[in-house]
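Good morning. I have one structure to go through today. Please have a look at it first, and then I will start.

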Amino acid sequence: MARRARLVGQGVAVGLVALLFILLAWSLLTDEGGTLAKKANRGERPAAPDFTLERLDETGELELSSLKGKAVVVNFWASWCIPCKEEAPFLEELWRENRNRDLVVLGLDSKDFRADALRFVDRFGLTFPLVYDGPGDEASSFGVTGFPETFVVDREGKVVAAFKGGVDGEDVRPELLEAIDEALET
Amino acid sequence: MIRSAALALLVGALAAGPAFAAPPNAADLEAELVCPVCETTLDQSNAPVAERMKTFIRLRIAAGDSEQEIKDELVAQFGPEVLAEPPGGGFGLLAWLLPLSALFGGAVVVALLVRRWSRRGPPSEPPARDRLDPELERLVDDELARFDG
């Protein structure tokens, strides 16, 4: 009887270890780190995760899905991030030049002090809509791995392209503008 | 009269106690808070946001904030993940309860095993083949008696 119980116990222990190995292998095989960006850049057009966040530039909240019907450039930034400072004037210019084409530039300030973010907005004279994602929850749901990171979302709420790092560089701008045109065409 | 004055002073000092509490220590707070980007404690991180948080802590200490007020403000800005130790309520309670229950479970298992082992009777007599032949045993006894005598 005791021998049987011991055998059963050993079987359960071996089974648990095997299960843990299977889980580990599965997570290693399926983890794509920044999945949304990878899918978008493979041309799969995944749906952009919806969110409702407090406005940074004014009172109230903003829901991403409320912008359906327009193309949206979702830009994750933080006031302490140096490339974010470099690309901020370009994003403002992009917003001013394309807002009449149904394009919205939407800034998500993430992992940041609200007061620092407001100083950043003043310093660069940003007028495009801004929301506050202090704890970085939405940055996580978009699979953001660093700042800045930019997602181009089409009129139907699908991600057309994703850009890690600043989008103001001469080499990136054409790709971004092409993705925006594609998002506006849907 | 003197006794009442001393009593009044003592009561006054006790009531004013918190006002004279030592200010929080920046190094202690940096060890108890996590950088939201690199996810190590602030004292282990030199990420820009961690440096900014360290400056914030020093400014708030200088402004007279308590340790709890500083932590509350950082949680309001960055969420509860900035606390190196999970909060004692809600889901964070699990982080405290699980290791304690594992410890308790281990102690119960050890106690049961000790009890089981202690219930086993005294060691049984050695098998017959390990015992001396009666004739040989008698000879050994005689020799020992002679040796002692």
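A:Phe163 sits in strand β7 of chain A, residues 159–164; strands here are DSSP runs of E, at least two residues, and helices are runs of H or I, at least four residues, numbered from the N terminus. Before I go on, this is a predicted model, where local features need pLDDT of at least 70, side-chain atom pairs count only at pLDDT 80 or more, and totals for chains, interfaces and linings use all residues. Residues are numbered from 1 along each chain as its sequence is written, chains are lettered from A and ligands numbered from 1 in the order in which they are written, and side-chain values use heavy atoms, with hydrogens and water left out.

Is A:Phe163 buried or exposed? A:Phe163 is buried, because its relative accessible area is 8%, and buried means under 20%, exposed over 50%, partly exposed in between, with a 1.4 Å probe and protein chains only. Leaving aside residues up to four places away in sequence, A:Phe163 touches A:Pro148, A:Glu149, A:Thr150, A:Val152, A:Val172, A:Glu175, A:Leu176 and A:Ala179; contact means heavy atoms within 4.5 Å. The C-alpha atom of A:Phe163 is also 7.6 Å from that of A:Ala37, and these two residues are 126 apart along the chain.

Next, the cysteines. How many disulfides does the structure hold over all chains? There is one, a disulfide being a pair of cysteine sulfur atoms within 2.5 Å. It joins A:Cys81 to A:Cys84, with 2.2 Å from S to S. The link of A:Cys81 and A:Cys84 is right-handed, with 90° about the S-S bond. A:Cys81 counts as buried because its relative accessibility is 3%, and A:Cys84 is buried too, at 2%. In chain B, B:Cys35 is buried with a relative accessible area of 0%, whereas B:Cys38 is partly exposed at 34%.

Now chain B as a whole. Of its 149 residues, 18% are buried. Among contacts in chain B with a separation of 6 or more, 45% are between residues 24 or more positions apart.

Last, where the chains meet. The contact takes 11 residues from chain B and 10 residues from chain A. About 980 Å² is buried between the two chains, and carbon and sulfur atoms give 64% of this; buried area is the accessible area, with a 1.4 Å probe, that two parts lose on being put together, summed over both. Which three residues supply 51% of the area that chain B buries against chain A, more than any other three? They are B:Arg52, B:Gln77 and B:Phe78.

B:Arg52 also meets A:Asp116 in a salt bridge between side chains, at 2.5 Å from N to O. The count between the chains is one salt bridge, defined as a side-chain nitrogen of Lys or Arg within 4 Å of a carboxyl oxygen of Asp or Glu. On the side of chain B that touches chain A, the elements giving two or more residues are α3 (48–62) and α4 (67–78) of chain B. α3(B) gives the most, with five residues.

That is the end of my part.
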